[in-house]
Amino acid sequence: MHVEPITCYRPRPERAAEFAAPPYDVFDRAGAAAYVAAHPNSFLAIDRPETGFAPDQDMYADEVYAHAHDLLASRVSDGTLLRDGTQCFYLWRLRDGDHVQTGIVAAFAVDDYTNGVIRRHELTRPSKVEDRARHIAATGCQTSPVLLAYRDNPVLEALVEAATAADPLYELADGAGVRHTIWRVARPAAVESLRLMLAYVERVYIADGHHRAAAAELACREARTSAGERCTGSEAYNYFLGALFPASQLGVRPYDRLVADTGGLTEDELVSSLEARGVAVGARGERPVRPTKPGRIGMRAFGAWRELAFEGPLPDDPAGSLDVSLLQERVLGPVLGVGDPARDARISFLGDADAAELERRADAGGVAFALCPTSVEQLMAVADAGLTMPPKSTWFAPKLLSGLFVRRISHRESVIDGARHAIEGNK
């Protein structure tokens with residue numbers, strides 16, 4: 001695997017907590033606008049630049065992306081963001097209660113993404129890829145890391161652990177109470193040791209950020225076309241910003257489903273239809289059903305909880321045997337009429353929801369399904385088989401923050417560079 005240290009813009013330590021923001025894709029448009037209104041100095045205003053316009057503004061208009069560039073330049077100009085021109089690796093530890101994960105922030109080769117060294121498990125939507133690619137083109141920067149996983153490597157993890165003995169660069173808590181601690185690895189010998197060990201990692205998996213990775217590939221292709229024979233392969237746009245964690249350390253939470261109605265079925269008809277599709281339906285109960293092993297699903301409908309279990313032979317491929325796949329093939333599609341979960345407005349997805357939220361929403365006339373989390377091992381098996389999961393199969397938590405590392409990839413001079421020059425000239 002080809003991995004390089006990065007140069008980047010990063011916030012002053014005293015401004016990092018205010019500036020860092022949740023990733024752009026955990027919000028719908030209204031939610032993003034509300035967050036920016038409450039946190040006007042946060043990076044989300046740059047990541048979701050439509051929040052600076054009226055609600056009816058075309059969020060894909062050229063002026064919206066230009067606004068992202070201008071906001072980024074202003075954060076450099078006012079000193080919120082400083083340019084770290086030293087080639088560094090960064091180590092990122094997230095602590096959420098008893099859960100701890102520590103990874104490496106670096107630049108990962110786009111070619112490794114293209115040739116399958118970096119493997120994917122989800123399909124991407126062209127409109128979302130184009131949006132992030134246009135954001136990259138407008139700002140000249142990669143602004144949010146892709147969450148990556150690798151099969152545990154004790155030697156690499158020992159190097160990482162040793163480097164965390166130094167004083168951290170950042171220590172902050174996000175709005176969810178997760179503690180983020182970041183170390184800067186700049187000593188040449190330490191950088192080279194990490195680079196050499198990363199080269200021995202044979203395979204990496206995208207856990208979260210498929211659209212960001214695909215957008216980086218699209219931006220790279222366009223830059224290579226523009227450069228023509230001048231492209232050497234070492235330019236910054238040939239790599240994308242990522243954070244790489246051992247697979248065993250990643251936290252995966254349930255990703256539940258809610259259908260807005262019962263498809264016109266009564267309770268008895270729903271139960272009969274499920275049983276006809278090879279689904280065992282348990283008795284009505286008041287206590288929430290949150291499954292702890294694959295093959296079991298909790299269903300909330302008609303004011304009660306039931307446990308569902310899949311009977312009969314199951315598909316032998318790693319994607320078709322997932323609970324999310326079985327639920328779609330045996331329940332959502334044939335029983336409730338949700339043919340395309342990526343586009344059907346009747347279905348919504350709830351990451352890490354509690355039972356009370358599922359009950360509240362299902363009791364408005366719909367059906368909620370509580371699932372066991374898809375494991376990282378299942379994700380890797382699907383990716384290794386060259387298959388894809390249904391939409392919204394995995395919810396990784398805690399989430400990485402955006403804005404702590406802004407990686408400049410464009411070879412063209414911009415206002416951002418001018419702002420940097422102005423700062424450096426005033427030192």
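This is a predicted model: local features need pLDDT of at least 70, side-chain atom pairs count only at pLDDT 80 or more; totals for chains, interfaces and linings use all residues.
Residues are numbered from 1 along each chain as its sequence is written, and side-chain values use heavy atoms, with hydrogens and water left out.

**Tyr90 and its partners**

Which way do the rings of Tyr90 and Phe405 sit to each other? Their centres are 4.8 Å apart and the planes are at 50°, so I put the pair down as tilted. The rule I used: rings of Phe, Tyr and Trp (its six-membered ring) pair if their centres lie within 6.5 Å, and planes under 30 degrees apart are stacked, over 60 edge-to-face, the rest tilted.

Tyr90 is in strand E3 (residues 81-96), while Phe405 is in the loop between strand E19 (395-396) and strand E20 (407-408), so this pair ties together parts 315 residues apart in sequence. Helices (H or I, at least four residues) and strands (E, at least two) are DSSP runs, numbered from the N terminus.

I checked Phe405 as well: at 2% relative accessibility it counts as buried. Ring pairs also bring in Trp92, giving a cluster of Tyr90, Trp92 and Phe405.

**Other rings**

How many aromatic pairs does the rule give? I get 8. One of them is Phe19 with Phe43, edge-to-face, with 5.5 Å from centre to centre and 70° between the planes. Phe19 belongs to helix H1 (residues 16-19) and Phe43 to the loop between helix H2 (29-38) and helix H3 (44-47), so the pair joins parts 24 residues apart in sequence. Both Phe19 and Phe43 are buried.

**The whole chain**

I then stepped back and found 14 helices and 20 strands in the chain. The radius of gyration is 23 Å, close to the 22 Å that the globule rule gives for 427 residues, so the chain is as compact as a globular protein of that length. That radius is taken over C-alpha atoms, and the rule is 2.2 Å times the number of residues to the power 0.38.

The C-alpha trace spans about 75 × 50 × 45 Å along its principal axes. Of the 427 residues, 51% count as buried.

Notes: Buried means under 20% relative accessible area, exposed over 50%, partly exposed in between (1.4 Å probe, protein chains only).
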